[in-house]
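Take a look at the chain below.

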Amino acid sequence: MKSLASTLVPSAVEKLVPYQSARRLGGSGHIWLNANELETCAQYGDLSKGSNDHYNRYPDFLPQDTAQAYLAYCEQGVGKLNSEIVTVRGADEAIDLLIRTFCTPGNDQIIICPPTYGMYEFCADSFAVTTNKIPLLDNFQLNVEEIKTQLPTSSLLFLCSPNNPTGNSINQADIIELLEASKTSTLVVIDEAYIEFSAHQSALHLMNKYPHLIVIRTLSKAFGLAAIRCGFLLADSSVMAYVNRLIPPYPIADPTAEIALKALSDSGLQAMSKQTAELVEVRDWFKSELQQLNIVETIYSSQTNFILIKFNQGLNVFDYLVKQGIIARNQAHEAALSDCVRITIGSKQSMLETLNTLKHFQ
Ligand SMILES: Cc1ncc(COP(=O)(O)O)c(C=O)c1O
């Protein structure tokens, strides 16, 4: 039986032969003269003193040890996953790759549920793919019935859970209902950039049952490694076969793969869990303090490292904070989020200063 991925893939991608980079071609030998690299290491002081002194060579097509370490981290608690994994330059690259792999410009559409992360629509726009917007309900949950009506004409459904900028997790029963309804029409992508901060279950445990489910992850949030640009895409081999045709020849820089591997070691994972628990504590304390302020109308429940706050109508709290040197994110451009500001949870000290500044708003 043909996989859903193979029925969606544009013929141009289907015909594509991946660029045969030197690393992809592989081989065995003792003199490597096939990639126009500098054969000897240039000396740049400290640069060559790291664990890796072979930056003169192109990196692996896929840093296997890093990818496998992330897969093992994912399998903790859910057991063996049948999925394949690729390492990408942040979750953003995964979003872009999926749209370019499964959508034909000027022809196909994706579904998003705003207010949500802006890159789904941006990547679709940049590739002349239509974005069908089905807004979240007032409680920031999915309009499942409306999404279902649009599935037959949509290649990809992007869900973000926990969602940015609302902060809530999507009901798992809704995700399952949509996975059932989309089996023959639409690949379902769940962006779990903030999953480590959430008390709710990841969608990973659904992957073996639903081969058209794709999960995107990142080291930019709970792992605190936004600067290294490292994310992961997990999907069934039927999906990955096409993603692998478009992925850049050398997707991940060696220093990135090395740092990621350290973060995914036992001690790295312990450090991440500890700092995540600490951040959640600060988040919940900040929220309870904010509740005391009369400029605050609503504080939305958060499963992330940020809080969405609705301030009393007409108060320009965002501009006030900027004038005090505190840069939050204004959400007023979203129809459903007028008077809302999204505040990232920083250190306890930064949150104390933010709180005191808010107390003096006038
Ligand atoms: C929901 C969501 N997905 C993906 C990203 C981008 O992650 P990365 O840094 O891995 O590209 C962000 C960044 O803010 C995000 O909020």
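S182 sits in helix α8, which spans residues 172–182. The model is a predicted one. Is S182 buried or exposed? It is buried, because its relative accessible area is 0%, and the cut-off for buried is under 20%. Leaving aside residues up to four places away in sequence, S182 touches L4, L151, V188 and H212.

Now turn to D60. It lies in the loop between α3 (22–25) and α4 (64–75). D60 has 45% relative accessibility, so it counts as partly exposed. That class runs between the buried limit of 20% and the exposed limit of 50%. With residues up to four places away in sequence set aside, D60 touches R23 and P251. How far apart are D60 and S182 in sequence and in space? They are separated by 122 residues in sequence and by 35 Å in space, C-alpha to C-alpha.

S198 counts as buried because its relative accessibility is 15%, and the limit is under 20%. Which residues does S198 touch, not counting those up to four places away in sequence? They are P162, S169 and Q303. With Q303 there is also a polar contact, side chain to side chain, at 3.3 Å.

Along the principal axes, its C-alpha atoms fill a box of roughly 70 × 55 × 35 Å. Why does the radius of gyration fit a compact globule? For 362 residues, such a globule would have a value near 21 Å, and the protein has 22 Å, so the two agree.

Among contacts in the protein with a separation of 6 or more, 70% come from residues 24 or more positions apart. Of the 362 residues, 52% count as buried.

Finally, the surface and the charges. The accessible surface of the protein is about 17100 Å². Carbon and sulfur atoms account for 51% of that area. The protein carries 27 positive and 37 negative charges.

How values were computed. Residues are numbered from 1 along each chain as its sequence is written. This is a predicted model: local features need pLDDT of at least 70, side-chain atom pairs count only at pLDDT 80 or more; totals for chains, interfaces and linings use all residues. Side-chain values use heavy atoms; hydrogens and water are left out. The radius of gyration is taken over C-alpha atoms; the globule rule is 2.2 Å times the number of residues to the power 0.38. Buried means under 20% relative accessible area, exposed over 50%, partly exposed in between (1.4 Å probe, protein chains only). Contact means heavy atoms within 4.5 Å. Accessible areas come from the Shrake-Rupley method with a 1.4 Å probe; for residues, only the protein chains shown count as cover. Lys and Arg count as positive and Asp and Glu as negative; His and the chain ends are not counted. The place of a charge is taken as NZ of Lys, CZ of Arg, CG of Asp or CD of Glu. A polar contact is a pair of N or O atoms within 3.5 Å; within protein, one must be able to donate a hydrogen and the other to accept it, and residues adjacent in sequence count only if both atoms are side-chain atoms. Helices (H or I, at least four residues) and strands (E, at least two) are DSSP runs, numbered from the N terminus.
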